[in-house]
Structure formats: structure tokens, C-alpha cells
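Hi everyone, thanks for making time this morning. I'd like to walk you through one model, so please have a look at it while I talk.

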Amino acid sequence: MHRDTPRVVIVGAGIAGITMAVNLRNKLRHDNFVIYEKAGSIGGTVVGLMFPGTGTCLSTEPNPYWENYYITQPEIRAYWEKIYRKHDLASHTVFNTRVTLVEWDEENGVHNLTLEDVMSGQTIQTQAETVIQAVGFFTTPMYPDIPGKEKFTGPLWHSSQWRHDVDLKGMTVGVVGNGCSATQFIPAIAAEPTTRVINFCRTPQWIGMRSNYHYPEWAKWAFAHVPFLLHAYRSFMMITVLTWYMRRTAPAKYHDNLIPTYPPGCKRLVLDSNYLAALHQPNVDLNWTGIQEIVEDGIVLKTGNKVPLDAIIFGTGFYLAKRDVVFRGIGGHTLKHYFESEGGYYGTVFPGFPNLFTIVGPNSASAHASLIFIIETQVNYIMKLMKPIINGKAKSLEVTQKATTYYNTWIQRRMASTIFLSCFSYYRGDNRTGAKNVATFPGMISLYWWITRKPRWDDFKVVGGEQWFYQRRKVALMNYALVGLMVSVVGYNFSMLWKLVPGRW
Ligand SMILES: Cc1cc2nc3c(=O)[nH]c(=O)nc-3n(C[C@H](O)[C@H](O)[C@H](O)COP(=O)(O)OP(=O)(O)OC[C@H]3O[C@@H](n4cnc5c(N)ncnc54)[C@H](O)[C@@H]3O)c2cc1C
Ligand SMILES: NC(=O)c1ccc[n+]([C@@H]2O[C@H](COP(=O)([O-])OP(=O)(O)OC[C@H]3O[C@@H](n4cnc5c(N)ncnc54)[C@H](OP(=O)(O)O)[C@@H]3O)[C@@H](O)[C@H]2O)c1
């Protein structure tokens with residue numbers, strides 16, 4: 001370990017952690033970093049994806065050779081493994097190592113980290129000047145609080161912890177949930193005709209066709225300038241087109257249950273992976289009765305009737321705010337409060353947590369666009385924030401409480417005029433609590449890119465870099481003065497030219 005430059009620890013080797021490492025090497029030419037990953041391989045949620053039937057690209061590594069618009073899991077894995085090898089990240093990664101605690105030592109300006117070797121259970125202590133939290137959004141599976149889960153004698157699992165050792169042939173399988181995950185793996189498991197699938201649903205989902213199209217420039221201009229056009233178009237697309245698609249594709253007997261009454265987009269829109277068509281199969285049934293409890297050999301409905309089952313799969317989503325690493329900042333405070341209710345600053349930094357940078361923090365997830373773009377945007381922003389630390393011009397950087405409060409007031413004001421508050425969803429706690437939405441960014445991802453394209457340094461407290469900070473401010477003021485001078489000179493010259501126009505004397 002060389003301590004002549006600040007040591008950076010990246011927690012997590014998912015897409016975010018890898019993207020961060022590639023950029024640290026390429027853009028900041030910084031090599032003193034290590035990635036701790038609790039799993040035994042790279043990739044996280046998407047690359048290490050677990051359930052059947054699924055279908056990414058880093059913009060610094062565009063790939064022109066994808067086979068299809070929606071790619072398969074082996075292609076995703078091969079793509080990310082190639083990037084990982086190309087940038088020699090293996091020599092920087094420690095697998096099977098869970099970061100359990102990251103504590104800021106104010107006196108020494110370093111983070112003290114506690115690691116756990118997940119194979120041996122051994123605890124290890126280490127330090128880093130800067131820590132990147134890249135642990136993902138979907139790491140803690142949500143097992144619903146249905147009573148009796150522990151009584152079920154057959155195999156029972158969550159979609160994120162797929163039991164590849166269980167052959168579902170000839171089994172009756174109960175699937176709880178009808179979100180993106182369940183609707184993706186149901187058609188895949190139901191492709192085996194001897195597997196009978198009973199899907200237990202609670203709330204209808206808006207399900208749309210997987211398709212893509214390009215908006216011509218005139219349409220974008222019209223959306224931006226013609227009053228109400230965008231809203232009218234949105235309503236048409238979302239309600240008329242989605243309803244038409246769902247009615248056309250799903251069996252008529254399910255239409256009333258399947259089509260939601262809340263506005264589309266409030267929950268994450270499900271893109272159909274042949275789920276609606278699979279509902280026509282004789283081995284697939286929907287059940288909307290409601291679950292009372294799980295017993296040793298099945299599910300008992302609210303009517304008291306029992307549905308006998310051989311296996312149960314929970315496609316019941318994730319707790320976004322729950323992580324298995326605890327961060328302690330100044331005064332021993334944790335990040336819990338920021339993730340559950342206050343929100344952070346640009347979803348990336350938090351007051352009281354110097355030199356800690358988060359990828360996909362509060363209010364930074366895109367609800368209906370690729371998270372990869374958000375990850376890249378945040379990595380670029382973090383690189384700019386870290387530069388003075390890496391270059392030795394500052395020791396630590398911490399966002400102010402005032403800037404964080406101001407930012408979150410803006411976020412929640414915008415949120416109030418969005419459809420995100422019109423239904424329950426995992427953006428608002430555990431789907432049922434109706435808490436504040438501290439998950440998604442209430443705007444277009446291009447707006448998020450715009451506001452994070454460069455740091456507003458006045459929103460930060462800098463320790464050990466006061467000289468750099470004031471120098472920067474001086475240069476910024478000089479630039480403003482220069483621009484002001486140029487505008488005055490150009491203005492003056494124009495006024496002179498204007499006077500030269502014949503008849504203007
Ligand atoms: C089923 C599913 C499908 C998805 N499909 C798409 C898609 O097609 N397109 C898209 O844009 N998004 C998709 N998403 C969202 C997706 O989660 C993100 O795009 C992407 O995985 C985010 O990458 P990440 O690195 O931030 O998080 P993750 O992929 O979750 O990676 C985090 C990594 O951190 C590790 N880690 C966590 N805690 C610790 C710890 N304490 N110590 C050490 N290591 C730790 C984890 O093991 C993991 O490897 C999908 C999500 C799910 C659940
Ligand atoms: N792009 C992809 O390929 C892809 C694929 C899969 C997942 N993802 C990502 O992963 C996210 C999570 O998707 P997900 O489907 O895993 O989770 P999710 O969207 O949160 O869906 C969870 C489902 O489980 C149901 N549920 C939860 N608790 C329940 C209970 N106690 N009883 C009955 N039903 C219950 C929910 O019903 P209610 O609606 O009633 O709460 C919902 O239908 C997605 O939003 C998406 O971002 C992406």
C-alpha cells in the first residue's frame with residue numbers, strides 16, 4: 001500500500017464500483033485504490049443476475065456489437081468482465097470481503113474501516129482517506145411479512161437469491177408479486193409445460209410493450225413549446241396505449257384485475273417480457289384474493305381456501321434504504337436518517353460525512369430510464385469533487401447542511417407535482433407506508449446531468465485546502481470580471497456600428 005497519495009476504498013464491485021474504478025484510473029490517473037466486494041465475483045445485481053429471463057453499456061466503453069436492443073445476461077456479464085480485465089481491476093479487488101463499518105476519524109481526517117472476510121468470519125481493520133459507497137439500490141431483498149413463511153416445507157426463495165439447484169419441473173409454484181422481477185421470470189419458468197405457476201398479486205401494474213422509437217426534432221420542439229401538448233401526449237401514450245396493449249395481450253378474464261386505476265408511472269412501469277401473453281397458457285393462473293398466511297404445504301387465502309404448493313418464489317422487491325454497511329460521520333451519526341427521510345445532496349454527499357461519496361444515493365434513481373446513465377453522471381460529479389483531494393490540494397470535503405436542506409426542499413417541491421405520490425411503491429418505503437419519496441429524482445435525467453455537471457464549491461466546507469479554495473474563488477471572480485469586460489466591449493462596438501448605419505447619425 002503506498003501512502004504518498006490518498007487511499008480510496010470503493011465498497012462494491014457492481015457496475016457503479018467498476019465504473020468508478022475505471023474513471024479513477026483513466027481520468028484522475030489515480031492508482032491507490034481498492035475495491036472490497038462481499039461476493040466472490042464482480043457485477044452486482046445485474047451482471048450477477050440470478051433469475052431466468054432477463055436482458056447495459058458504459059459510455060466510456062461503447063459496444064457496437066450488441067446482438068439485440070435488449071441483451072441477454074451472458075452478454076452483459078461478458079461485456080463487464082472484459083472491461084474489468086482491460087483496466088486490470090483484478091489487482092485492485094478483494095473479493096469475499098464485506099465492509100461492515102466505515103467511521104470518520106475527525107482528528108486524523110481518515111475513515112477507519114471494519115471488514116469481514118465472509119469465508120473465515122475474520123475481522124480486518126483498514127483505513128482510507130476517501131470512501132466510495134457503491135453498494136447498489138437493490139441489495140436487501142424484501143421478504144413480505146406474511147405469517148407462516150418459516151412453516152413451509154418446500155423450497156422457498158426470493159427472486160434475487162435464485163435457487164438454481166431446484167428443478168421446477170412437475171411442481172406447482174406460487175409466485176408472490178407482479179413487479180418487474182416476477183413478470184420477467186414467470187414466462188421463463190412457465191415455458192416448462194409441466195410447471196404450474198400461480199401468481200399471487202396484490203396491486204395491478206401498468207405493463208407496457210417493450211419497444212423503442214426516435215422523436216424527430218419537430219416533435220421535441222412542439223413538446224417544449226406548445227402548451228399542454230406534452231401532458232396530452234403523455235396521457236394518451238400512458239393511458240390509451242398502455243390500456244390498449246394490456247387488453248390486446250392479456251386474457252379477457254383478467255382485464256378488470258390487471259388494469260390499474262392509479263396514474264401510469266407512479267410505480268415503476270413494467271416492460272412486458274411476455275408475461276401478459278403467458279397468462280393465456282393453461283399452466284399459468286393469477287390469484288387476486290389476497291394471502292392470509294403460509295402453511296407447510298401452501299398458501300391460505302383471505303377466503304380461508306388453501307392453494308397447495310410445492311415451491312414459493314417471492315418477487316416482492318427490495319428495501320432501498322437498508323444496507324449492510326454502517327457509515328458513521330462526525331459525532332457518530334449514521335446515514336440512516338438521510339436515506340429514510342431527509343435525502344442527501346445531489347444523492348451523492350451528506351453533511352457530517354467528509355470524503356464519503358455515494359453512487360445512487362437518495363433521490364437519484366431514475367424511475368423510468370437506465371440507472372447506468374445516473375451512475376455515470378454521479379461518477380463524473382464525484383471525480384470532480386475528489387480531484388482536489390487526490391491532487392493533494394485539500395484534505396477533506398464536506399457538504400454544508402444549509403446546501404443540503406436547500407436542495408431537498410427543491411427536490412420535495414418538485415416531487416409534490418409528480419405522479420410519484422399518487423400510489424404506494426417501493427420508492428416510498430416498503431410499498432405500504434406512504435412515506436416521502438427519497439428514492440427517485442423528480443425530473444428528467446438530463447436535468448440531473450445538468451445540475452451535477454460541475455460542483456458548486458460554495459456548498460462545501462474544505463479542510464486543509466483553504467488556499468486552493470480561495471484561489472479557485474479568485475480565479476472564478478476574475479473569469480466573471482473578464483466575461484463582464486468582454487460583454488461591455490462587444491456591446492460598445494455594436495453601438496458604434498449601429499451608429500454607422502446610414503441615416504442613424
Ligand atoms: C433484477 C434487476 C434487474 C435490473 N435491470 C436493470 C437494467 O436492465 N438496466 C438498468 O439500468 N438497471 C437495472 N436494474 C437496476 C440495477 O440495480 C442497476 O442498474 C445496477 O445494478 C446498479 O449497479 P450498482 O453497482 O450501483 O449496484 P449493484 O449491482 O447492486 O452492486 C453493488 C455491489 O456492492 C456489493 N456490496 C453491497 N454491500 C457491500 C458491502 N457491505 N461490502 C462489500 N460489498 C458490498 C454487492 O455485493 C454488489 O456486488 C436492475 C435491478 C434489478 C434488481
Ligand atoms: N430492467 C430489468 O430488466 C429489471 C428486472 C427486474 C427488476 N428490475 C428493477 O428492480 C426493481 C424491483 O423490481 P421487483 O419486481 O423486484 O420489485 P417491486 O417492483 O417492488 O415489486 C414487488 C412486487 O411484490 C408485491 N408485494 C410486495 N409485498 C407483498 C405482499 N406482502 N403481498 C403481496 N404482494 C406483495 C408488490 O405488490 P404491491 O404493488 O401491492 O406492493 C409488487 O407486485 C424494479 O423496479 C426495477 O427497477 C429491473
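Let me start with a definition: two strands pair if DSSP finds at least two bridges between them. Helices and strands here are DSSP runs numbered from the N terminus, H or I over at least four residues for helices and E over at least two for strands.

Now the ground rules. What you see is a predicted model, where local features need pLDDT of at least 70 and side-chain atom pairs count only at pLDDT 80 or more, while totals for chains, interfaces and linings use all residues. Residues are numbered from 1 along each chain as its sequence is written, and chains are lettered from A and ligands numbered from 1 in the order in which they are written.

In overview, the protein has 13 helices and 21 strands. Of its 505 residues, 36% count as buried, where buried asks for 20 or more other C-beta atoms within 10 Å of a residue's own, exposed for 12 or fewer, and partly exposed is in between, with C-beta atoms placed from the backbone.

One open sheet has 5 strands in the order 3-2-1-7-19, and the pairing is parallel. Strand 3 (93–94) and strand 19 (356–358) are at its edges with a single partner strand each, so one side of each has no neighbour in the sheet. Strand 2 (residues 33–36) pairs with strand 3 in the parallel sense over 2 bridges, and Ile-35 stands opposite Thr-93 in strand 3.

The other open sheet I want to show also has 5 strands, in the order 8-17-9-10-13, again with parallel pairing. Here the edges are strand 8 (156–158) and strand 13 (284–287); each has a single partner strand, so one side of each is left without a neighbour in the sheet. On average, and ignoring direction, neighbouring strands of this sheet are turned by 20° against each other. Those angles use axes, which are lines fitted to C-alpha atoms, for helices over the stretch in contact, and angles run from 0 to 180 degrees between N-to-C directions. Inside the sheet, strand 9 (residues 172–176) and strand 10 (residues 196–200) pair in the parallel sense over 5 bridges, with Thr-172 opposite Arg-196 in strand 10.

What lies across strand 9, strand 10 and strand 13? That is helix 4 (residues 180–190), running at about 165° to strand 10. Helix 4 is largely enclosed by the rest of the structure, because 10 of its 11 residues are buried. Among them are Cys-180, Phe-185, Ile-186 and Pro-187. The cover over these buried residues includes strand 9, strand 10, strand 11 (207–208), strand 12 (270–271), helix 8 (275–278) and strand 13.

Next, a residue in helix 6 (residues 229–249), namely Met-246. Is Met-246 buried or exposed? Met-246 has 22 C-beta neighbours inside 10 Å, so it counts as buried. Leaving out residues up to four places away in sequence, Met-246 touches Ile-207, Leu-258, Ile-259 and Leu-276; contact here means C-beta atoms, placed from the backbone, within 7 Å.

Now a helix pair. Helix 1 (residues 15–26) and helix 10 (residues 371–390) pack at an angle of about 40°, their axes 10 Å apart. The contact is made by Ile-15, Ala-16, Thr-19, Met-20 and Asn-23 of helix 1 and by Ile-372, Ile-375, Glu-376, Val-379 and Met-383 of helix 10.

Strand 20 runs antiparallel to strand 21 (residues 460–463), joined by 4 bridges, and Glu-398 stands opposite Lys-461 in strand 21.

Last, some backbone angles. Most residues other than glycine have a negative phi. Tyr-346, in the loop between helix 9 (336–342) and strand 19, has a positive phi near 55°. Tyr-346 is buried, with 28 other C-beta atoms within 10 Å. Asn-355 lies in the loop between helix 9 and strand 19, and its phi is near 55°, also positive. Asn-355 is buried as well, with 26 other C-beta atoms within 10 Å.

Definitions and conventions
Contact = placed C-beta atoms within 7 Å.
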